[in-house]
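User: I would like to learn how to read a structure feature by feature. Please show me the model and start with one contact.

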Amino acid sequence: MTDFVKKLAALALPFWMDNGEPKKLLAAARKWWAQVYQWVTWPVSQFDPLTCAEPLLNLIAYDRDITRFNGEPLSLFRKRVAYAFVNAGDAGSVEGFISIFQRLGIGYVELLERQPGIDWDVITVRVTDSQVASNTQLMIQIIRQYGRTCRRYQFEVITVQGLAIRAGWDQGEYVCYPARLAGAQAATTFSASL
């Protein structure tokens, strides 16, 4: 609630006028001036991408070099436009790239650079399978717009699997029991490249 609306709500009539027609007149004046306040502040509120009208949002997005991809929800598009400058500033570092993913609601992500056995220009992006399923277009758009030039990106999917290991001590001898998942084959890694 703004200061003006608080002051309007705090207006009170003297006790001898606090009923009948003067009370109705005060209520009508409150509604009128609240409406006038909305009319006056409307142009200023249109500069905020999270609350502005959609045609103005498209103009702000064009100014900030953000394009809406097919099927993108309006709330996500508003976030991308609102955080465009911050995301552009964070694009150069690993921590910044992780912040971009968190800021846009994708969630946990890992970035691995210069891994042994992989070309030096490949950056591995580790995400969960649910993140890939629900945000595929968004992740591709983020990498296109904020990814490093002359780098290739490869998605790696991580899946959490519970594992129980039992260790024991047998008459002072050190015993190591191998463990593996029941019914599981060799560990596999799924990856895709852009």
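**Reading the model**

Analyst: The side chains of R152 and D119 form a salt bridge, at 2.8 Å from N to O. The pair links distant parts of the chain, 33 residues apart: R152 is in strand β3 (residues 152-158), and D119 is in the loop between β1 (110-113) and β2 (122-128). This is a predicted model, in which local features need pLDDT of at least 70 and side-chain atom pairs count only at pLDDT 80 or more, while totals for chains, interfaces and linings use all residues. Residues are numbered from 1 along each chain as its sequence is written, and side-chain values use heavy atoms, with hydrogens and water left out.

User: What is a salt bridge?

Analyst: Side chains of opposite charge can pair when their charged atoms come close. The cut-off used here is a side-chain nitrogen of Lys or Arg within 4 Å of a carboxyl oxygen of Asp or Glu.

User: How many salt bridges does the structure hold?

Analyst: It holds 10 salt bridges. One of them joins the side chains of R103 and D90, at 2.7 Å from N to O. R103 lies in helix α6 (residues 94-103) and D90 in helix α5 (residues 84-90), so this pair ties together parts that are 13 residues apart in sequence. Another salt bridge is between K24 and E21, at 3.9 Å from N to O. K24 and E21 both lie in helix α2, three residues apart, which is about one turn of the helix. There is also a network of salt bridges that links E110, R126 and E156.

User: Are the residues of these pairs buried or exposed?

Analyst: Start with the cut-offs: buried means under 20% relative accessible area, exposed means over 50%, and partly exposed is in between (1.4 Å probe, protein chains only). K24 is exposed, with a relative accessible area of 57%, and E21 is exposed with 57%. R103 is partly exposed at 22%, and D90 is partly exposed at 22%. R152 counts as partly exposed at 38%, as does D119 at 46%. For the protein as a whole, buried residues make up 25% of the 194 residues.

User: You name helices and strands. How many of each are there?

Analyst: The protein has eight helices and six strands. Both are DSSP runs numbered from the N terminus: helices are H or I with at least four residues, and strands are E with at least two. From the N terminus on, the order of elements is α-α-α-α-α-α-β-β-α-α-β-β-β-β.

User: How do I read the packing of two helices?

Analyst: Two packed helices are described by the angle between their axes and the distance between the axes. The axes are lines fitted to C-alpha atoms, for helices over the stretch in contact, and angles run from 0 to 180 degrees between N-to-C directions. Here, helix α3 (residues 54-63) packs with helix α4 (residues 74-82) at an angle of about 40 degrees, with their axes 10 Å apart. That makes α3 oblique to α4, given that angles under 35 degrees count as roughly parallel, over 145 as roughly antiparallel, 65 to 115 as roughly perpendicular and the rest as oblique.

User: Which residues make the nonpolar surface patch?

Analyst: M1, F4, V5, W32, W33, W39 and V40 make a nonpolar patch of about 800 Å². The elements that give two or more residues to the patch are α1 (3-10) and α2 (21-45). Helix α2 gives the most, with four residues. W33 is in helix α2 and counts as partly exposed, at 45% relative accessibility. As for the rule, patches are made of residues with over 30% relative accessible area and no salt bridge; like charges are joined within 9 Å, and nonpolar side chains (Val, Leu, Ile, Met, Phe, Trp, Tyr) within 5 Å. Accessible areas come from the Shrake-Rupley method with a 1.4 Å probe, and for residues only the protein chains shown count as cover.

User: Where is D65, and what is its phi?

Analyst: D65 is in the loop between α3 and α4. It has a positive phi of about 60 degrees although it is not a glycine. D65 counts as exposed, at 55% relative accessibility. R114, in the loop between β1 and β2, is not a glycine either and has a positive phi of about 50 degrees.
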